[in-house]
Amino acid sequence: MKIETIITAFVVLTVVWGGLFCFIRKALFYEKKKSLNG
Amino acid sequence: MKQQEFFSSRWALIISVLGIAVGTGNIWRFSRVVAQNGGGSFLIPWVIFLLLWSVPLIIAEFAIGKYARLGPIGAFGKIAGEKFSWMGAFIVMVATGIMFYYSVVTGWCLRYFFSAASGNLMTIDNHLDYWNQFASGNLPLLFHFISISIVAFIVFRGITNGIEKFSKILVPTLLLILFGLFIRAITLPGSLEGIKYFFTPDLNIILDYKVWLNALTQNAWDTGAGWGLIMTYAIYMRQKEDISLNASLIAFGNNSVSLIAGITIFSTVFALSSVDALQQISQSGPANTGLTFIYLPQLFGKLSGSIFINSVFASAFFLALFFAALTSLISMVELATRTLIDFGIGRRKSIIFVSVICFLFGLPSALNMDVLINQDWVWGVGLLVSGAFIAFAILKFGVNRFRNEVINGIGSDVKIGIWYNAIIKYFVPIQVVVLVSWWLISSVSWDAEWWNPFHRENAGTALFQWIAVIIIFILQNNLMYKKTVENSK
């Protein structure tokens, strides 16, 4: 596999899927915080 | 007017809005555009425009809906001022124009699901003939009627018992089916070639402006940014609900689904195609039908030696496509319904009126593919104008005030920084101006009679229809403002 293929796949998947994962974690964190604060 | 209903939780809101964003555009349009624009060369600008177009505009739509608590016509009156309700009306017109033919497309997906589930689709020799026979007959009318009836029933039940409840079933099922197909596709022998193409950038075309413009259009298309649909759902978000985090989650969630769908389609086509796989993905056929309704059914027939197994995968694919279309259609019907509610008409009467109108105005598209292609062209490109109007409304309101008071106001978990001002003030308008100019110049170059409003796909037909509705809406502006904004006080 070419190096540019690996780099593109890494960048695209990291930004899109990584971003999604990060935002889900943040949303879960704030939801938990809100439920603890009533 | 007192707010009656709200989405019950953050997750209910996110799933329902994800239902808007994840549509047929993620599944078949995305793959086609990637194939036409050099695979990985397209994905890089596509990710950049996710950040520069989709996320800022989805944030804007959420904020406008939550602040105004009115559909686009009233919301524009409140945000941009009483002289600009017509811009909101244009946004409603764009979404409604798409709704008329989208119901027909939803019907096609349902028809193909039935055909695949019954096993018939896997026994057909000539899929092109099968498609042509279906499209030229009366069956599209029946399935158009069934689609709009299902959606009317869901919207009729209201936000919590209708849209939220059904989205909670349809969206996770859609994602589950897509994930199942994804796993099957990447484990097919030869699928790696498809994945390689999908991620390999063609360095010769990476700086081609067309690749960048297509990446922006695809983002505008498949995230639902600028359609006014998210603005409508945001009317029903609780006051304590966050804007920026939810908007980002939806934009990234939508593009994640596009990647899953893209990898699935590229893997399947490269693994099973005996002819030029790339040509098959990139050829669209009428209204993008080539890949989805003609070529993919052929490929599903080659998955294994068993008609039963092939039918299971084909029916799962078309069920996913139907659910994706259905959840997007629900939001379009809700947008039109909410607009009538803002004018003081009851929800029950509004939904009946919208359903009947949708069925009647969808008939030309169900009967004649040329009409469908024309409407797809006119209102599809109209989305860019809608996005520009949203940016304009925020500029009129004051970008800083909008960011501080509305986005970062009550309920916000994550505060948005000053970068947002630059994107709304400069990046969104520049993107629209460049894209619309490119579109006009290209239209002139490929059609000598570019001005002729009676052509199927040219600048003239789009400009004629846009200008006609804009003139009507400007003439009715004061009336619309009074009926929506002043009546809501």
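A: At the interface, 18 residues of chain A are in contact with 20 residues of chain B. Contact here means that two C-beta atoms, placed from the backbone, lie within 7 Å. The chain A side comprises 11 nonpolar, 3 polar and 4 charged residues. In this scheme Ala, Val, Leu, Ile, Met, Phe, Trp, Tyr, Cys and Pro are nonpolar, Asp, Glu, Lys and Arg are charged, and the others, Gly among them, are polar.

The model is predicted: local features need pLDDT of at least 70, side-chain atom pairs count only at pLDDT 80 or more, and totals for chains, interfaces and linings use all residues. Residues are numbered from 1 along each chain as its sequence is written, while chains are lettered from A and ligands numbered from 1 in the order in which they are written.

Now the helix pair across the interface. Two packed helices are described by the angle between their axes and the distance between the axes. Helix α1 of chain A (residues 3–36) packs on helix α12 of chain B (residues 244–272) at about 145 degrees, with axes 9 Å apart. Axes are lines fitted to C-alpha atoms, for helices over the stretch in contact, and angles run from 0 to 180 degrees between N-to-C directions. Helices are DSSP runs of H or I with at least four residues, strands are E runs of at least two, and both are numbered from the N terminus. The crossing of α1(A) and α12(B) is left-handed, meaning that the near helix is turned anticlockwise from the far one by less than a right angle; clockwise would be right-handed. From α1(A) come A:Val16, A:Trp17, A:Gly19, A:Leu20, A:Phe23, A:Ile24, A:Lys26 and A:Ala27. They meet B:Leu245, B:Ser248, B:Leu249, B:Phe252, B:Gly253, B:Asn255, B:Ser256 and B:Leu259 of α12(B). By class, this contact has 10 nonpolar, 5 polar and 1 charged residues.

Chain A has 1 helix and 0 strands. Its C-alpha atoms fill a box of roughly 55 × 10 × 5 Å along the principal axes. Of its 38 residues, 18% count as buried. Buried means 20 or more other C-beta atoms within 10 Å of a residue's own, exposed means 12 or fewer, and partly exposed lies in between, with C-beta atoms placed from the backbone.

Chain B has 21 helices and 0 strands. Its C-alpha box is roughly 65 × 50 × 50 Å. Of the residues of chain B, 57% are buried. Among its contacts between residues at least 6 apart in sequence, 83% join residues at least 24 apart.

B:Tyr236 is buried, with 25 other C-beta atoms within 10 Å. Beyond its neighbours within four places in sequence, B:Tyr236 is in contact with B:Glu5, B:Phe6, B:Phe7 and B:Ile159. B:Ile159 is 77 residues away along the chain, yet the two C-alpha atoms are 7.8 Å apart.

Two helix pairs within chain B follow. The axes of α5 (residues 85–117) and α7 (residues 139–156) come within 7 Å and cross at roughly 105 degrees. The two are therefore roughly perpendicular; that class covers 65 to 115 degrees, with under 35 roughly parallel, over 145 roughly antiparallel and the rest oblique. Their contact includes B:Trp108 of α5(B) and B:Phe143 of α7(B). It has 8 nonpolar, 5 polar and 1 charged residues.

The axes of α3(B) and α10(B) (residues 209–223) come within 8 Å and cross at roughly 45 degrees. This pair is therefore oblique, and the crossing is right-handed. Among the contacting residues are B:Trp46 and B:Trp53 of α3(B), and B:Trp212 of α10(B). By class there are 12 nonpolar, 6 polar and no charged residues.

B:Arg69 lies in the loop between α3 (40–68) and α4 (72–79) of chain B. B:Arg69 has a positive phi of about 55 degrees, although it is not a glycine. It counts as partly exposed, with 19 C-beta neighbours inside 10 Å.
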